[in-house]
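Dear colleague,

I am handing over the structure below, and after it you will find a description of what turned up when it was examined. Please keep the structure open while you read, so that each residue can be found as it is named.

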Amino acid sequence: MSAELVDRFFSAMSAGDLDTVRTVFHEDCVSTDYATGQVSKGIEGNMADVQAWSSSFSDMKVEAVSHIVTGNTVVTEMKFSGTNDGDMPAPDGSAIPATGKRVEMRGCQICEFKDGKMINARQYYDMMGMMAQLGLMG
């Protein structure tokens, strides 16, 4: 069941279906993006993070490559692609102007579920590789 929730979450993100994305988060959800250090709390904090990605990459696609499920935890190898056609929020609060360049990367997400909703999530991906693809570093 939990792997299907991850698939639904990724599918909704890829389709820009923010109403469905919202239904996946538990009200006490805490998500940590280890590439940026950002911690998102609650439904609104997590939605703000999803909206930041959506506005930075309006054509983003997030796909599960594989899942490992144990108890209420799902570990997902994921694939992300998209064109950076919107400004990206930087960790310091500034904005990185859109580059118009396409990004493709792999990552890992570890999600814990409670009451059929995402309560804890941790994302790991290659931020330096993404920045290089965007032409922002050598």
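Arg 102 and Asp 59 form a salt bridge, in which the closest N and O atoms are 3.3 Å apart. Because Arg 102 belongs to strand β7 (residues 102–114) while Asp 59 sits in the loop between α3 and β3 (61–70), the pair ties together parts that are 43 residues apart in sequence. Both partners are partly exposed, Arg 102 with a relative accessible area of 41% and Asp 59 with one of 30%. Please bear in mind, here and in what follows, that this is a predicted model.

Strand β7 takes part in another such contact, since Glu 112 lies in that strand and its partner, Arg 122, lies in strand β8 (residues 117–125), so that this pair ties together parts 10 residues apart in sequence. The closest N and O atoms of the salt bridge between Glu 112 and Arg 122 are 3.0 Å apart, and Glu 112 is partly exposed, with a relative accessible area of 25%.

A further salt bridge joins the side chains of Glu 44 and Arg 22, at 2.6 Å from N to O. This pair links distant parts of the chain, with Glu 44 in helix α3 and Arg 22 in helix α2 (residues 18–24), 22 residues apart. Is Glu 44 buried or exposed? Glu 44 counts as exposed, because its relative accessibility is 53% and the class begins over 50%, whereas Arg 22, with a relative accessible area of 32%, is partly exposed. When the whole structure is searched, four salt bridges are found, and those described above are among them.

The other finding to look at is the largest pocket, which has a volume of about 340 Å³. Its lining is made up of 19 residues, and those lying nearest the centre of the pocket are Thr 36, Gln 38, Pro 89, Ala 90 and Pro 91. Two or more residues of this lining come from each of the elements α3 (42–56), β5 (88–89) and α4 (127–133). Which element gives the largest share of the lining? That share, five residues, comes from α3, the helix that also holds Glu 44. Sorted by class, the lining of the largest pocket has 14 nonpolar residues, together with three polar and two charged ones.

With best wishes

Notes
Residues numbered from 1 in each chain as written. Predicted model: local features only at pLDDT ≥ 70, side-chain atom pairs only at ≥ 80, totals over all residues. Heavy atoms only, no water. 1 Å grid on protein atoms, 1.4 Å probe; cavity = no way out; pocket = protein on both sides within 12 Å on 5 of 7 lines; lining within 4 Å. Points joined across faces, edges and corners; volume = space filled by probe spheres on them. Helix = DSSP H or I, 4+ residues; strand = E, 2+ residues; numbered from the N terminus. Nonpolar A, V, L, I, M, F, W, Y, C, P; charged D, E, K, R; others polar. Buried < 20%, exposed > 50% of the residue type's maximum accessible area, 1.4 Å probe, protein only.
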